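Me: I'd like to learn how to read a few features off a structure. Can you walk me through them one by one?

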Amino acid sequence: MKSLTTKLKLLRPVLTSLCSYSSTDQTLLLNEFTRFCYQRDLPKALRAMDTLQSHGLWADSATYSELIKCCMSHRAVHEGNLVRRHLYFNGRQPMLFLANVLINMYVKFNLLTDAHNVFDEMPLRNVVSWTTMISAYSRSKQQQKALELLVSMLREGVRPNVYTYSSVLRSCKEMSDVRMLHCGIIKEGLESDVFVRSALIDVFAKLGEPEDALSVFDEMVTGDAIVWNSIIGGFAQNSKNDEALKLFKRMKIAGFTAEQATLTSVLRACTGLTLLELGMQAHVHIVKYDQDLILNNALVDMYCKCGSLEDARRVFNGMKERDVITWSTMISGLAQNGYSQEALKVFESMKASGTKPNYITIVGVLFACSHAGLLEDGWYYFRSMKKLYGIVPVREHYGCMIDLLGKAGKLEDAVKLLNEMECEPDAVTWRTLLGACRVQGNMVLAEYAAKKVIELDPDDAGTYTVLSNIYANSQKWDSVEEIRTRMRDRGIKKEPGCSWIEVNKKIHAFIIGDESHPLIVEVKEKLKQLIDRMIGIGYVPETNFVLQDLEGEQMEDSLRHHSEKLALAFGLMTLPLGKVIRIRKNLRICGDCHVFFKLASKLENRSVVIRDPIRYHHFEDGKCSCGDYW
């Protein structure tokens with residue numbers, strides 16, 4: 001009885017107010033509130049809402065939905081909270097549709113706790129309610145929470161739809177979760193939906209399972225541009241570049257138009273394979289997108305990494321819009337191709353444009369310094385990066401400086417900087433120091449650095465090889481054999497030297513000691529003729545670069561058939577005069593080959609570009625872009 005009396009006291013002011021308002025007045029109030037909501041006049045709408053509440057009046061759900069949208073468009077969090085309190089005032093419960101709109105508002109405000117509170121208060125939840133929350137947790141990288149909600153949703157008997165599955169799939173980090181979701185998708189009969197297929201392909205690719213992604217793709221009865229984009233992108237991001245390009249050809253044959261996402265992936269594949277001619281073909285498709293920033297950035301990257309600086313500069317200079325990625329790509333590209341001074345000038349232009357550098361930009365700047373021996377400049381940029389740009393040095397920055405100091409012969413300073421690193425040195429950092437020791441011939445420090453690398457990466461064939469090479473250069477063949485025995489015992493094999501050259505849109509590979517190329521006899525004969533001509537003008541094979549226990553003519557013969565020399569001979573045979581010969585190789589170019597290519601470029605009057613794992617060498621008229629500093 002007491003409770004009833006209390007409720008009546010609370011209702012009395014409202015009842016009195018209602019009595020004092022005729023139905024016409026009430027209608028006018030509601031109409032005024034509705035007008036303000038649809039006009040998106042937030043202050044007046046909220047004042048009208050207070051008046052309604054004081055008179056015990058509530059508008060329809062559609063009107064409140066407009067008011068909530070108005071709060072969202074103004075990013076008005078406080079006002080959104082006021083609307084929520086009004087809707088739940090005095091124990092009221094908004095309709096399911098309106099509660100979903102409220103959840104969506106809090107999700108858009110990135111207030112997931114508030115969104116979940118509204119969700120928990122709902123007496124009834126539909127697929128929209130569940131999917132909104134699951135998508136929100138997926139986007140915020142809270143994958144476990146998203147999966148837990150999906151399980152709860154199934155237990156409550158609410159069937160997920162294509163949006164539920166596609167959103168939760170994209171946040172998965174474990175293959176076991178993907179497999180489980182895949183089973184659920186098949187059970188629900190949603191496996192043929194284009195969005196679900198696309199999400200499955202994306203997540204398989206992201207987790208390094210492109211073959212599974214292709215299986216999902218091939219199960220489709222009909223294709224779709226979205227799914228084509230996903231499968232091509234999946235193979236490109238997993239460095240399965242050949243497969244990505246084959247899929248692109250299939251897509252064109254199937255009659256689909258290449259979109260921005262597809263072309264970005266195709267450019268990435270061309271970049272990975274350094275296929276300049278195919279990259280240029282992709283460029284033709286890109287012309288229709290004109291000033292698309294993402295595609296232009298990808299083009300600059302592709303041309304830089306294919307060693308075509310002229311084309312990279314042309315695209316870069318023609319861009320009306322540039323972001324930090326554009327500038328950073330151009331700076332790094334110039335540095336990798338041996339144009340360090342130009343890279344630093346571009347950095348100055350970037351600062352003048354008002355674009356703020358990020359940590360990748362500074363990596364490119366330091367990379368430029370390390371590849372040109374610009375010690376003072378390198379120290380300046382390294383020491384000032386935090387003060388000037390608020391960028392804290394990370395491993396990549398330290399690695400560039402250690403490389404710069406090592407090449408400059410300042411190994412003690414390099415070791416000191418390594419020990420001062422704010423982050424723990426990783427295998428890459430120690431490997432950089434090891435490379436510097438190789439250049440300076442410091443065997444004692446090289447052994448120490450190699451042991452550190454092997455501790456962190458015990459199966460790294462490159463480290464054993466570098467240490468073996470240092471011993472070989474010092475004629476310590478017993479130590480070389482000891483290293484090779486350790487490699488055999490661990491089942492580690494040295495990667496054979498391999499070079500690739502693109503001729504008529506086809507890739508030709510040459511591996512030292514391999515006779516499988518159909519024109520290998522002609523190639524070796526062409527190379528022999530070239531070497532004989534070069535010897536005639538003073539070329540002498542530098543046998544100290546032979547890393548085997550060989551003698552005399554055997555040593556010279558080993559040098560003759562380094563893979564890049566074979567690729568050059570093939571290029572001279574097949575590419576027309578005036579065409580740049582572009583070669584990619586898997587190992588660092590040796591000193592003898594470097595001398596050889598300088599002389600060959602002058603003797604044959606040809607431009608040759610070699611890309612090794614570290615940098616690019618542009619040989620022309622007897623000179624190299626690296627200035628013999630590499």
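**Rings, charges, a pocket and cysteines**

Reply: Let's start with an aromatic cluster: here F347, Y380, Y381 and Y389 form one. Keep in mind that this is a predicted model.

Me: How many aromatic pairs are there, and what describes a pair?

Reply: A pair of aromatic rings is described by the distance of the centres and the angle of the planes. The count here comes to 17 aromatic pairs. Take F510 and F570: their centres are 5.5 Å apart and the planes make 50 degrees, a tilted pair.

Me: Where in the chain do F510 and F570 sit?

Reply: F510 belongs to strand β2 (residues 506–511) and F570 to helix α32 (residues 563–574). They are 60 residues apart, and the pair links distant parts of the chain. Both F510 and F570 are buried.

Me: What kind of pair do Y539 and F596 form?

Reply: Edge-to-face, with 5.7 Å centre to centre and 70 degrees between the planes. An angle over 60 degrees is what puts a pair in that class.

Me: Why does the pair of Y539 and F596 tie together parts that are apart in sequence?

Reply: Because Y539 lies in the loop between α30 (520–536) and α31 (552–560), while F596 is in helix α33 (residues 591–603), the pair ties together parts 57 residues apart in sequence.

Me: Are these two buried or exposed?

Reply: Look at the relative accessibility, with buried meaning under 20%. Y539 comes out at 5%, so Y539 counts as buried. F596 has a relative accessible area of 0% and is buried too.

Me: Now pockets. What is the volume of the second largest pocket, and which residues lie nearest its centre?

Reply: Read a pocket by volume, then by lining. The second largest pocket has a volume of about 550 Å³. Its lining holds 25 residues, and D301, K305, I325, T329 and I360 lie nearest the centre.

Me: Which helices supply the lining of the second largest pocket?

Reply: At least two lining residues come from each of α16 (260–273), α18 (293–305), α20 (324–336) and α22 (359–372). The largest share, 7 residues, is from α20. By class, the lining of this second largest pocket has 10 nonpolar, 10 polar and 5 charged residues.

Me: How many disulfides does the structure hold?

Reply: The structure holds 0 disulfides. The thing to check is the sulfur-to-sulfur distance, with a cut-off of 2.5 Å. For C70, the nearest cysteine sulfur belongs to C71 and is 6.0 Å away, and C70 is in no disulfide. C70 has 1% relative accessibility, so C70 counts as buried.

Me: What about C304, and which cysteine sulfur is nearest?

Reply: C304 is in no disulfide either, with the sulfur of C306 being the nearest at 9.7 Å. C304 also counts as buried, at 1% relative accessibility.

Notes. Residues are numbered from 1 along each chain as its sequence is written. This is a predicted model: local features need pLDDT of at least 70, side-chain atom pairs count only at pLDDT 80 or more; totals for chains, interfaces and linings use all residues. Side-chain values use heavy atoms; hydrogens and water are left out. Rings of Phe, Tyr and Trp (its six-membered ring) pair if their centres lie within 6.5 Å; planes under 30 degrees apart count as stacked, over 60 as edge-to-face and the rest as tilted. Helices (H or I, at least four residues) and strands (E, at least two) are DSSP runs, numbered from the N terminus. Buried means under 20% relative accessible area, exposed over 50%, partly exposed in between (1.4 Å probe, protein chains only). On a 1 Å grid over the protein atoms alone, a cavity is a set of points where a 1.4 Å probe fits but cannot get out, and a pocket is an open set with protein on both sides within 12 Å along at least five of seven lines; lining residues have an atom within 4 Å of a point. Grid points are joined across faces, edges and corners, and a volume is the space filled by probe spheres set on the points. Ala, Val, Leu, Ile, Met, Phe, Trp, Tyr, Cys and Pro count as nonpolar, Asp, Glu, Lys and Arg as charged, and the others, Gly among them, as polar.
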